[in-house]
Amino acid sequence: MIMDRIALILAIVGGLNWGIVGIFGFDIVAALFGGQIAVVSRVIYTLVGLSALWCISLLFRERELANERV
């Protein structure tokens, strides 16, 4: 499903960004889009957060699909 892939990519991007913030203290999204309070940055942070919520459903769908196959 295309939504699953988009959500997973955004969640990975967000995770990598947070990893870089944790290790190097550098926020790539903020640097690219004008700071943490810039509108574009906030939209990206929101999309990453929503994608993480979507990815939670992937955990349960995998289990449901595995149970249906048995």
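**A salt bridge and its surroundings**

The side chains of R61 and D4 meet in a salt bridge, with 2.8 Å from N to O (a salt bridge being a side-chain nitrogen of Lys or Arg within 4 Å of a carboxyl oxygen of Asp or Glu). Because R61 lies in helix 3 (residues 39-69) and D4 in helix 1, the pair ties together parts that are 57 residues apart in sequence; helices here are DSSP runs of H or I with at least four residues, strands are runs of E with at least two, and both are numbered from the N terminus. By this rule the count of salt bridges comes to one. With a relative accessible area of 27%, R61 is partly exposed, whereas D4, at 13%, counts as buried; buried means under 20% relative accessible area, exposed over 50%, and partly exposed in between, with a 1.4 Å probe and protein chains only.

This is a predicted model, in which local features need pLDDT of at least 70 and side-chain atom pairs count only at pLDDT 80 or more, while totals for chains, interfaces and linings use all residues. Residues are numbered from 1 along each chain as its sequence is written, and side-chain values use heavy atoms, with hydrogens and water left out.

Helix 1 deserves a look along its length. It has 23 residues and reaches 33 Å from its first C-alpha to its last, close to the 33 Å expected at 1.5 Å a residue, where the expected span is 1.5 Å times one less than the number of residues. Buried positions in helix 1 are D4, A7, G14 and N17. I12, also found in helix 1, counts as partly exposed at 46% relative accessibility, and its C-alpha atom is separated by 8.7 Å from that of V48, which is 36 residues away along the chain. Helix 1 is followed by G25, whose phi is positive, near 70 degrees.

What does the side chain of N17 reach? N17 lies in helix 1 (residues 2-24) and counts as buried at 7% relative accessibility; its side chain reaches the backbone nitrogen of I28 at 3.0 Å. Leaving aside residues up to four places away in sequence, N17 touches F26, D27, I28, V29 and Y45, a contact being heavy atoms within 4.5 Å.

In helix 3, S41 counts as buried at 0% relative accessibility. A polar atom of the S41 side chain lies 2.8 Å from the backbone oxygen of G35. With residues up to four places away again not counted, S41 touches V29, A30, F33, G34, G35 and Q36.

F60 lies in helix 3 and is partly exposed, with a relative accessible area of 47%. Together with V39, V43, L47, L50, L53, I56 and L59, F60 makes a nonpolar surface patch of about 790 Å²; patches are made of residues with over 30% relative accessible area and no salt bridge, like charges being joined within 9 Å and nonpolar side chains (Val, Leu, Ile, Met, Phe, Trp, Tyr) within 5 Å.

Finally, the chain as a whole: its secondary structure comes to three helices and zero strands, following the pattern α-α-α along the sequence. Of its 70 residues, 19% count as buried. The protein chain exposes about 5500 Å², of which carbon and sulfur atoms supply 73%, by the Shrake-Rupley method with a 1.4 Å probe, where for residues only the protein chains shown count as cover.

Definitions and conventions. Polar contact = N/O pair within 3.5 Å; in protein donor to acceptor, adjacent residues only side chain to side chain.
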